[in-house]
Every structure is written in structure tokens, then in C-alpha cells.
Amino acid sequence: MRQAWPMVIQIGRQTRGSGVGALVLECHDRIRSSIAIAEKLGAATAPPYDDVRATAKRVYDYFADALPLHVADEEETFAPLLRGKDREADAALEEMARQHATHVEPLSRLLDLCQALIASPERHAELAPLLLDVSTTLRREFDAHLAIEETIILPAILRCLDPSEHAAMITEIRARRARARTQ
């Protein structure tokens with residue numbers, strides 16, 4: 001059933017703490033929230049064009065700019081430090097990398113749809129079913145993906161890496177975001 005407008009958009013900075021676990025979980029919250037916003041936009045009935053444009057831009061900006069930083073955190077920061085320290089985590093890291101590859105196509109479709117809605121919000125009725133379909137697909141894929149990270153990889157990071165490695169990870173994550181802000 002299509003959702004009536006208005007929709008509530010809430011993407012904000014949550015604070016779970018300052019450790020590596022908190023940073024990862026905050027990123028996961030933003031991924032889930034951004035997918036939910038895309039689903040709501042896809043399910044909305046006759047939203048105002050300004051809201052379509054603003055919401056599509058918000059979703060686009062998150063998935064085009066912020067999500068790649070999280071993927072880089074996983075592939076360039078977590079995986080190299082954790083690999084070889086826990087067999088279950090090694091298998092999960094391989095699965096995580098495989099899943100990243102499967103996310104490329106639906107994320108590309110999501111970004112294309114958002115760009116189309118930013119440029120032509122009057123096309124919402126036409127594009128909304130496609131947006132709902134791809135965002136629902138991404139939610140399912142990310143539910144599985146984030147579950148692996150939260151139940152296997154993150155606990156292994158906390159268990160297998162020492163405080164100096166945690167500090168190095170946090171420094172690298174923050175530096176990656178600082179570089180992105182200046183580009």
C-alpha cells in the first residue's frame with residue numbers, strides 16, 4: 001500500500017560513544033535510515049515536488065558520498081588489521097567483500113533514480129515503484145550485510161585487536177572523512 005505524504009525525514013548525528021564499535025554502529029544506523037527514507041519516498045503518494053527533490057537529494061548524497069567511506073573503512077581499515085586473527089572473521093570478511101560487489105548494481109540504480117527525481121520531481125509517480133523496488137532490495141541485502149558485520153566482524157575487532165589498533169582505526173576513519181570534506 002502506498003504511503004500518504006508527508007513523510008518524516010530524520011538523518012542526524014547519533015552518538016553511541018567514541019570507540020570503533022560506536023563509529024561502526026553509527027554508520028550502520030545511517031545506512032538503515034537512508035534506505036528507509038528511500039523506501040518512504042518510493043511508497044509516498046503525491047508528495048510535493050520540493051519534498052521529492054529534497055528527499056531524493058538527501059538519499060543520493062548519502063549513498064554517493066558517505067556509503068563509499070564506510071566501504072573503504074571496511075576494506076582498507078578493518079580487513080587488513082583483522083585478517084588472519086580469527087577464522088570466523090576471515091570467512092565473514094570474504095563474505096563482506098563479496099556482498100560489496102553485489103551492492104554495486106542496485107546502488108547504481110538507486111543513484112540513477114534519485115538523480116532523475118532531483119532533476120524531474122514531477123516524474124515521482126512514474127519512478128516511485130522502481131525506487132521502492134530497489135530500496136527494498138537494498139534493505140534486504142544490507143540487513144544481511146550489516147548482520148554479519150555486527151555479529152561477527154565487529155565483535156572480532158573488539159576481541160582480537162588491541163587498544164592501539166583500535167586507536168589507529170579511529171584515526172584512519174576520521175582522516176578519511178576529513179579528506180572527503182575537503183574534496
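1. The largest cavity in this predicted model is lined by Val 24, Glu 74, Phe 78, Met 96, Glu 149, Ile 153, Leu 154 and Ile 157. About 40 Å³ of space lies within the largest cavity, and the count of cavities of 30 Å³ or more comes to one. Helices H2 and H4 each contribute at least two residues to the lining of the largest cavity, with H4 giving the largest share, four residues. By class, this lining comprises six nonpolar and two charged residues, with no polar ones.

2. The second largest pocket holds about 180 Å³ of space, and its lining consists of Phe 63, Leu 67, Pro 68, Val 71, His 100, His 103, Val 104, Leu 107, Ser 108, Leu 111 and Phe 142. The lining of the second largest pocket divides into eight nonpolar and three polar residues, and no charged residue is found in it.

3. The largest nonpolar core has 24 residues, and those with the most contacts inside it are Phe 63 and Leu 110. Helix H1 (20–43), H2, helix H3 (87–119) and H4 each provide at least two residues of this core, and H3 provides the largest share, seven residues.

4. Phe 63 deserves a look of its own. Apart from its neighbours within four places in sequence, Phe 63 is in contact with Ile 31, Ser 34, Ile 35, Pro 68, Leu 107, Leu 110 and Leu 111, and Phe 63 is also among the residues that line the second largest pocket.

5. Leu 131 lies in helix H4 (residues 124–160) and counts as buried because its relative accessibility is 0%, where the cut-off is under 20%. Residues up to four places away in sequence being left out, Leu 131 touches Ala 38, Leu 41, Gly 42, Leu 110, Leu 113 and Leu 117. The C-alpha atoms of Leu 131 and Ala 144, which are 13 residues apart along the chain, are separated by 20 Å.

6. Ala 46 sits in the loop between strand S2 (44–45) and helix H2 (49–82), and it counts as exposed because its relative accessibility is 67%, the cut-off being over 50%.

7. The structure holds 14 salt bridges. In one of them, Lys 57 pairs with Asp 61, the closest N and O atoms being 2.8 Å apart; the two residues are four apart in helix H2 and are therefore separated by about one helical turn. Lys 57 is partly exposed at 41% relative accessible area, and Asp 61 is partly exposed at 28%.

8. Glu 95 and Arg 98 meet in a salt bridge of 2.5 Å, N to O, and both lie in helix H3, three residues apart, about one turn of the helix. Another salt bridge joins Arg 123 to Glu 126, with the closest N and O atoms 2.8 Å apart. Elsewhere, salt bridges that share partners join Asp 73, Glu 76, Glu 172, Arg 176 and Arg 177 into one network.

How values were computed. Residues numbered from 1 in each chain as written. Predicted model: local features only at pLDDT ≥ 70, side-chain atom pairs only at ≥ 80, totals over all residues. Heavy atoms only, no water. Buried < 20%, exposed > 50% of the residue type's maximum accessible area, 1.4 Å probe, protein only. Contact = heavy atoms within 4.5 Å. 1 Å grid on protein atoms, 1.4 Å probe; cavity = no way out; pocket = protein on both sides within 12 Å on 5 of 7 lines; lining within 4 Å. Points joined across faces, edges and corners; volume = space filled by probe spheres on them. Nonpolar A, V, L, I, M, F, W, Y, C, P; charged D, E, K, R; others polar. Core = buried A, V, L, I, M, F, W, Y, C linked by side-chain atoms within 4.5 Å. Salt bridge = Lys/Arg side-chain N within 4 Å of Asp/Glu carboxyl O.
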